[in-house]
Every structure is written in structure tokens, then in C-alpha cells.
Amino acid sequence: MKVMIDEIRSVLKTGEVDATQVRLIQEVVMDAMETMVERVSGRDFEAGRYLLYKDQDFGFVVMMLVWAPGQQTPIHGHGTWGVEAVIKNRVRVTNYCCETLEAKELGSVVLPPGSVAYVLPPDADIHKVEHFGGPQAITIHVYGKELLENLVFVRGVGLKGMPCSVKNLPAELDWFYDLKWSSSEMPTA
Ligand SMILES: [Fe+2]
């Protein structure tokens, strides 16, 4: 995974993230897919959102989301770029336009294992993600900043900042940290 982190850092060194750069990050995450799949293979995790890595220089984070059957997010945005990889099972992503106090559905796609999608405000930002059948699903997300809150769509109100709960990965699930990072590079959150 260190290769993935290093390559994301290399992309971010070139400046603001636009459509070109987010696609480069998407390719980097795609290249790490096999490793990520290997690392979750045969493991079950408690459903939730886990912070795996926070970059001290560029501020981006890597998170693992574990989806129990039937789980789904509200309609929301992150206010930053994001790349999402489906590692295990499937999720459905539905995109929305929320320029008014109503959310207009733009389309929906089921992402099978191995898929890597992205979000990029302001045009490709508001979405909903849901578990799509079968056993637990796992996705890994890279976001441009730590998500202390998400912009959640509330009917009749519009997008509203709401705190975002995150769990630290339990110590025994240290598969992401089998790297030779120096202490200053280790995640702190
Ligand atoms: Fe999201």
C-alpha cells in the first residue's frame, strides 16, 4: 500500500486536483486493487467507517468502509475530491443534483468488485451509496481531506453539514500498516 500512498502524493505535488488529476489517482488506486483484495480476503470486519491513513503533508485520507447487508448512506457530498474502490461484493452509487431544495436523481450504477469510481465537486459530488445484495461489502476510499463532516441532503433544506463518524482500525487489523513508514509518516488519527 505504500506504493499507492507514494503515487497519490506524487500526483498531489503537481497542484490542485482537477479532472485530470483525479483520474490519475483513480489509476493509482486501480493498480493497488489486487493488493487490497488480498488483504481483506477471508476476513470479516465489523461494519463501519475506518480511517486507515492520513497524510501529514497533503491532508488526504484513506478510509475503509464495511457495509452490512441493507446499509446505505443518505444523499450526501464531501466537498472534496474522492476515489472509491470496491474491494469485496457490490455497492450501488446513485448521483444527484441538489441545486434546489429537492434532490434530482441523475443516474445509478452498480459497481462490482474491482471498480474504481470518483467524485469531484462541484459537478460530480452529490451521491448515495448502498450495499447491493449478498454478504458484507468492502470499499476503500481516498478523500482530499479528512472528513469531519459530510454535506447531507435534507429535503426542503438542501445540503447541511453533519458530523461524520469514523472508527480507528482495531490494532489487530493492522494489514494496512505493514509498511516501513517512519513515525512521522504514520497515521495520527
Ligand atoms: Fe460519499
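Trainee: How many bridges join β1 to β2?
Mentor: Two strands pair if DSSP finds at least two bridges between them. Strand β1 covers residues 48-54 and β2 covers residues 61-67, and they run antiparallel. The number of bridges joining β1 to β2 is 6.

Trainee: Which residue in the hairpin of β1 and β2 takes a positive phi?
Mentor: This hairpin has 6 residues between its strands. The phi in question is near 80°, and the residue that takes it is Gly-59.

Trainee: What is the bridge partner of Tyr-50 in β12?
Mentor: β1 also pairs with β12 (residues 167-168), this time in the parallel sense, over 2 bridges. In β12, Tyr-50 is partnered by Lys-167.

Trainee: Is α1 roughly parallel or antiparallel to α2?
Mentor: The axes of α1 (residues 2-12) and α2 (residues 19-31) come within 9 Å and cross at roughly 170°. Axes are lines fitted to C-alpha atoms, for helices over the stretch in contact, with angles from 0 to 180 degrees between N-to-C directions. Under 35 degrees counts as roughly parallel, over 145 as roughly antiparallel, 65 to 115 as roughly perpendicular and the rest as oblique. So α1 and α2 are roughly antiparallel.

Trainee: Is Leu-147 buried or exposed?
Mentor: Leu-147 is found in the loop between β9 and β10. A residue is buried if 20 or more other C-beta atoms (placed from the backbone) lie within 10 Å of its own, exposed if 12 or fewer, and partly exposed in between. Because Leu-147 has 21 such atoms within 10 Å, we call it buried.

Trainee: How far apart in space are Leu-147 and Val-61?
Mentor: In sequence, these two are 86 residues apart. In space, C-alpha to C-alpha, the distance is 8.4 Å.

Trainee: Where does pLDDT stay under 50?
Mentor: The mean pLDDT of the protein chain is 86, and 89% of its residues reach 70 or more. Where pLDDT is low, the predicted coordinates should not be read in detail. The stretch that stays under 50 is residues 179-189.

Note on methods: Residues are numbered from 1 along each chain as its sequence is written. This is a predicted model: local features need pLDDT of at least 70, side-chain atom pairs count only at pLDDT 80 or more; totals for chains, interfaces and linings use all residues. Helices (H or I, at least four residues) and strands (E, at least two) are DSSP runs, numbered from the N terminus. pLDDT is the predictor's confidence in each residue, from 0 to 100. Two residues are in contact if their C-beta atoms, placed from the backbone, lie within 7 Å.
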